[in-house]
Every structure is written in C-alpha cells, then in structure tokens.
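Subject: Structure handover and findings

Hello,

Here is the structure I promised to pass on. Please open it alongside this email.

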Amino acid sequence: MASASSSETTTERRGIPAAQFVEDVETYLSQSGLEVNSSLSFLQERLQQYKFVEMKLLAQQRDLQAKIPDIEKCFDVVATLQTKKGTGEARIEDNDSVCLWLGANVMLEYSSEEATTLLQNNLENAKASLEVLIADLQFLRDQVTITQVTIARLYNWEVHQRRFRQAATAAPKDS
C-alpha cells in the first residue's frame with residue numbers, strides 16, 4: 001500500500017493535484033518539515049481549493065447538460081428538414097441552407113450538410129467534455145475524501161500526543 005500512496009502523491013488530473021494519503025503521521029510530519037498546526041492549515045487550505053474547483057466543474061457540468069439537449073434538438077430539426085425537402089410535406093421555401101444560432105448574438109448560414117456536420121461534431125465534443133468533467137469530479141471527490149481523512153488522522157494524532165505528554169508529566173508528580 002505504501003507504493004500506491006507514493007505514486008498518488010506525484011499524480012494529478014488536469015491541473016488538480018492529487019492528495020497524499022498519510023499512512024504514518026510522524027513520518028509525514030518529519031518529511032514535510034511542518035508542525036501539526038501548519039500541516040493542518042495547509043490541508044484545510046487545500047480542501048478549500050478543492051471545493052472551489054468542484055464548484056467551477058459543477059457549473060461547467062450544468063452548462064454542458066443544458067447545451068447537449070439544445071444541440072440534439074437543432075440536429076433533429078436539420079435532419080427533419082433534409083428528409084422532408086422536396087417531398088412537399090414541409091411548407092418552407094425549398095432551400096439548401098439553414099441558419100444556426102451560435103450564441104453571443106451570432107447566427108451563421110450553413111448548407112444542410114455543413115450544419116449537420118457542425119452539429120454532429122458539437123454534440124460529440126459536448127458529450128466527450130461531459131465525460132471528462134464527470135471523471136474530473138470523481139477524481140476531485142476522491143481527493144477531498146483523502147484530504148478529510150488526512151486532516152482527521154493528523155488531528156487525532158495530535159490529541160493522542162497531547163494526552164501522552166499530559167500523562168507523562170502527571171506520572172512523576174504522582175510518585
């Protein structure tokens with residue numbers, strides 16, 4: 001398990017640093033060169049950074065989840081126009097172009113084939129981005145959990161050390 005722990009400390013995912021699982025608190029403190037309170041402060045700050053990144057990723061996820069159905073609807077409309085073209089079913093001007101609203105007050109005219117290709121690519125990219133985002137969020141949640149466990153381990157170790165010191169100083173007085 002120690003080898004898995006050391007490999008985790010050197011990895012990151014898309015700029016999100018991996019949390020280090022602390023197996024042995026004393027070794028961790030001696031290797032980091034920090035005291036317990038400094039280490040706890042560092043870990044609390046890292047936890048806040050993780051929470052901030054999580055908020056940003058969740059906002060991106062919501063945006064993509066709203067965007068995908070819109071792209072699918074546009075794709076379906078263009079496909080319907082192409083299938084009904086020339087059949088007389090669609091009572092629209094027989095035209096081989098469509099206008100797509102790209103956002104930010106931008107609308108462009110495309111041929112039906114170009115529109116289909118563009119929408120298909122946008123849909124595939126959005127779905128792929130959503131998959132990556134979901135994986136990032138899972139990685140981030142794992143790092144939050146590891147950091148919370150490490151904070152608890154450090155805190156509990158410090159409480160144990162404090163009790164041990166109090167017991168050691170109280171023992172000679174009793175003798």
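Below is what was found in it, grouped by topic. Please keep in mind that this is a predicted model.

**Salt bridges**

How many salt bridges does the structure hold? The count is five. Three of them are described here.

Start with Arg-14 and Asp-136. They form a salt bridge, and their closest N and O atoms are 2.5 Å apart. Are the two partners buried or exposed? Arg-14 has 59% relative accessibility, so it counts as exposed. Asp-136 has 1%, so it counts as buried.

Next is the pair Lys-127 and Glu-72. Their side chains meet in a salt bridge at 3.6 Å, N to O. This pair also links distant parts of the chain: Lys-127 belongs to helix α4 and Glu-72 to helix α3, 55 residues apart. Lys-127 counts as partly exposed because its relative accessibility is 38%. Glu-72 is partly exposed too, with a relative accessible area of 30%.

Then there is Arg-165 with Glu-158. The closest N and O atoms of this salt bridge are 3.5 Å apart. Arg-165 is at 43% relative accessibility, so it counts as partly exposed. Glu-158 has a relative accessible area of 18% and is buried.

Some salt bridges share partners. In this way Arg-13, Arg-14 and Asp-136 are joined into one network.

Leave aside the neighbours within four places in sequence, and Glu-158 is in contact with Val-36 and Arg-165.

**A buried arginine**

Arg-46 is worth a look in the viewer. It lies in helix α3, residues 36-84. Arg-46 is buried, yet it has no salt bridge. Which side chain of opposite charge is nearest to Arg-46, and how far away is it? It is Glu-45, at 7.3 Å. What does Arg-46 touch, leaving aside its neighbours within four places in sequence? The contacts are Pro-17 and Ala-18.

Phe-42 is in helix α3 as well. At 38% relative accessibility, Phe-42 counts as partly exposed. The C-alpha atoms of Phe-42 and Gln-166 are separated by 27 Å. Along the chain, these two residues are 124 residues apart.

**Helix α2**

Helix α2 runs over residues 25-32. Which of its residues are buried? They are Val-25, Tyr-28 and Leu-29. Viewed down the axis of α2, the buried residues fall within an arc of 95 degrees, so they line one face of the helix. The other side of α2 carries Glu-26, Ser-30 and Gln-31, which are exposed. Just after α2 comes Gly-33, with a positive phi of about 75 degrees.

**The loop between β3 and β4**

Two residues here have a positive phi without being glycine. One is Ala-104, at about 55 degrees. Ala-104 is found in the loop between β3 (97-103) and β4. Asn-105 has its place in the loop between β3 and β4 too. Its phi is also positive, at about 60 degrees, and Asn-105 is not a glycine. Buried or exposed, where do Ala-104 and Asn-105 fall? Ala-104 is exposed, with a relative accessible area of 75%. Asn-105 is exposed, with 71%.

**A nonpolar patch**

Leu-102, Val-106 and Leu-108 make a nonpolar surface patch of about 220 Å². Leu-108 lies in strand β4, residues 106-111. Its relative accessibility is 38%, so Leu-108 counts as partly exposed.

**Where to click**

For a quick tour, begin with the salt bridge between Arg-14 and Asp-136. Then turn to α2 and its buried face. Finish at the patch made by Leu-102, Val-106 and Leu-108.

Best wishes

Definitions and conventions. Residues are numbered from 1 along each chain as its sequence is written. This is a predicted model: local features need pLDDT of at least 70, side-chain atom pairs count only at pLDDT 80 or more; totals for chains, interfaces and linings use all residues. Side-chain values use heavy atoms; hydrogens and water are left out. Buried means under 20% relative accessible area, exposed over 50%, partly exposed in between (1.4 Å probe, protein chains only). Helices (H or I, at least four residues) and strands (E, at least two) are DSSP runs, numbered from the N terminus. The arc is that of the directions from the helix axis to the C-beta atoms. Lys and Arg count as positive and Asp and Glu as negative; His and the chain ends are not counted. A salt bridge is a side-chain nitrogen of Lys or Arg within 4 Å of a carboxyl oxygen of Asp or Glu. Contact means heavy atoms within 4.5 Å. Patches are made of residues with over 30% relative accessible area and no salt bridge: like charges are joined within 9 Å, nonpolar side chains (Val, Leu, Ile, Met, Phe, Trp, Tyr) within 5 Å. Accessible areas come from the Shrake-Rupley method with a 1.4 Å probe; for residues, only the protein chains shown count as cover.
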